[in-house]
Amino acid sequence: MAIKETMTVNMGPQHPSTHGVLQLILELDGETVVKAVPHVGFLHRGVEKLTEYRSYHKALPLTDRLDYLAPMSNNLGYVLAVEKLLGITDAIPQRAKVIRVMMAEVTRIKSHLVWLATHALDIGAMTVFLYCFREREMIMDLYEKISGARMTSNYFRVGGLSLDLPAGFEQDVKAFIDSMPGHIETYEGLLSGNAIWKRRTIGVGHISAADAIDIGLTGPALRCSGVDWDLRRDNPYSGYEEYDFKVITREKGDTYDRYTARLDEMRESCKIIQQCLDRLEDGPILADVPWVCLPPKKDVLNSIEALIHQFKIVTEGFKPEPGEIYQGIEAPKGELGYYMISDGSANPYRMKVRPPSFVNLQALPQMIEGALLADVIATIGTLDIVLGEIDR
Amino acid sequence: MPEMLSLSNDPILFIAVMLTKILSVFIVVVLIVAYATYAERKIIGRMQTRLGPTMTGPLGLLQPIADGLKLFFKEDIIPSQASKVAFVLAPMMILVPAFITVGVIPFGGDIVIRGYTVPLQIADLNVGILYIIAMAGLGVYGIVLAGWSSNNKYSLIGGVRAAAQVISYELAAGLSIVAVFMLAETLSLRGIVEAQSGSILNWYVFSQPLAFCLFFITSIAEINRTPFDLPEAETELVSGFCTEYSSMKYALFFMAEYANMVVIAALISTLFLGGPAGPFPGVINILIKVFGFMFIFIWMRATFPRVRYDQLMFMGWKVFLPLALLNIVITGVVIIL
């Protein structure tokens, strides 16, 4: 009887392509993966618990640090959840909604750029990595202009936005979305037709629609298995129902499909951003809900009521009615959900984040068992996980 | 044509000329190796919207020297569980074969010194090609030993990959140049260069295009360059067989990689592009060809993703090997007819 000896390789948490501090315990038979067990938790910072000790406004910066590649999407999910809890969803001004959608789509492109960059680098195409980061730099500049920070933006506020758009920002966004389709074609030119790229991605990391639904996959990973599900269209928020965009789906559910689908999603995002620019009208950026939103600075300096409001909101925060809500949004990586419970105090009683990466990571063992070592890397890349969000 | 200079007719001149040739070839190769790293970083940098080194010296030209010095002063770590003798031996076993292969490559036509003909080639072995294939085969021992002796799983996988890869691709590479010496009717590289002399159309790249392509691709696989850089696939195996190496030992691996590039570029130029033949003096011609191939190697690295292990094996055994055999058959038939 032949004795099969396997080798256990401890891949990570220090490894160049586990996208952070993911640890994979791999049982290898030669180059074939027999068993894969992902271990998470190396980046745990207790974000959910920390919010219980902060008022709703002050918990917002923590959400930047969940999926640090798409901070504005996290902000959006959080502010929408708190607004739902407060029951002020309808009071959000139109301009704030449009800017939120615009920045959420810019963020989607930003997240997908990092995904493509690292995915291509993992498979060995180094040049695409640098091209993607060149374009990401343009988004970083947009972020910096709008919020002052390149990564941890903290731009949205419960009730609206922290600041209005800086002068000339529309032109910068316009220049960016005009250049982006050309850049996407460059990436496609380097990868799509490349025989090696195709061989490395077609049929690799396959997952069927039934399995994807069972595991709870969301985002591009689900849509590429043939399930037509996108919260932006199927459960719209922040006015997404008013925009005209295609939900990109694929049938085969392999790495190549997920690659082409995400490129198409970037193109769709550009279209949504264009529609946002067209709809952008002057108006207030904060809801007229004085017990939640900070009064304008000018009023604070001139009126005693505004000063008292400012003081109360900053020192005490606001107190939603006791209750619990769930708000899910279509983040770049899948469904990002916030489940919030209020006990009537100024701090959340509990905030549970449903991070897309954490759920999507569950599909990894199934996708790579029986595959080769090199496919492990390709599959981690195609799932587009970020550990800040998985470990929270 | 005057008499060939040899040890019997003028021993002192012979030894002096020989030492000069060896020294100059060695220095030139070392310089090319050093500046190939610079060129690679500059060229890939430009292709990837970066600048490459700019700070060390004018245009960053002193960068290879700075790198060498830095690596020289780094702590030389030998893992406590490593097999020490093999661990120390491995980098040398990679570098030495890479350098001594240059010995049989002709780098110019004949010159006349004090009434004797002196060939611009260190040694004209009558089994030149076999010698080169043998040395290429030796190089892989270094990689396997490095992978095995490091006592690191990534290194081990890298070493095993290297062994399988080099053995498979050596077959196809060796068979693809069989067609060349069927035409040249000699194994000596000098003989092959002479057989291609006369006109540019005599270059074997025109009469043996398939062999040229096969040898070019399989050579890249043999020297572990992108897209066949699986043994050191950094995104899978951290750094493959040289994961545990540091300091000068790592530098030796690094130099060996570029030395192999130089050798392969020189070899392809010799076998298929007429070696030193061309419009300029011989040495310049061959340098132009070598640099041209090195540029292509670097360009490929900036362009291609990495193939997967099973696909690499598939291509080696089921595509390149049959094609090489087919090429031999076709060449044979054409020669007989």
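Which residues in helix 6 of chain A meet which residues in helix 11 of chain A? The views below are of a predicted model.

**View 1. The contact of helix 6 of chain A with helix 11 of chain A.** From helix 6 of chain A come Glu170(A), Val173(A), Lys174(A), Ile177(A), Met180(A), Pro181(A), Ile184(A), Tyr187(A) and Glu188(A). They meet Leu263(A), Met266(A), Arg267(A), Cys270(A), Ile273(A), Gln274(A) and Leu277(A) in helix 11 of chain A. The residues of this contact divide into 11 nonpolar, one polar and four charged.

**View 2. The crossing of helix 6 of chain A and helix 11 of chain A.** Helix 6 of chain A spans residues 169-191, and helix 11 of chain A spans residues 255-279. Their axes come within 10 Å. They cross at roughly 160°. Angles over 145 degrees count as roughly antiparallel, so helix 6 of chain A and helix 11 of chain A are roughly antiparallel to each other. Their crossing is left-handed.

**View 3. An open sheet of three strands in chain A.** The strand order is 1-2-3, and the pairing is antiparallel. Strand 1 (7-11) and strand 3 (32-39) of chain A are the edge strands. Each pairs on one side only. Neighbouring strands of this sheet are turned by 20° against each other on average, direction ignored.

**View 4. Strand 1 of chain A paired with strand 2 of chain A.** Strand 2 of chain A covers residues 23-29. The two strands pair in the antiparallel sense over five bridges. Val9(A) stands opposite Leu26(A), a residue in strand 2 of chain A.

Key
Residues are numbered from 1 along each chain as its sequence is written. Chains are lettered from A and ligands numbered from 1 in the order in which they are written. This is a predicted model: local features need pLDDT of at least 70, side-chain atom pairs count only at pLDDT 80 or more; totals for chains, interfaces and linings use all residues. Axes are lines fitted to C-alpha atoms, for helices over the stretch in contact, and angles run from 0 to 180 degrees between N-to-C directions. Helices (H or I, at least four residues) and strands (E, at least two) are DSSP runs, numbered from the N terminus. Angles under 35 degrees count as roughly parallel, over 145 as roughly antiparallel, 65 to 115 as roughly perpendicular and the rest as oblique. A crossing is left-handed if the near helix is turned anticlockwise from the far one by less than a right angle, and right-handed if clockwise. Two residues are in contact if their C-beta atoms, placed from the backbone, lie within 7 Å. Ala, Val, Leu, Ile, Met, Phe, Trp, Tyr, Cys and Pro count as nonpolar, Asp, Glu, Lys and Arg as charged, and the others, Gly among them, as polar. Two strands pair if DSSP finds at least two bridges between them.
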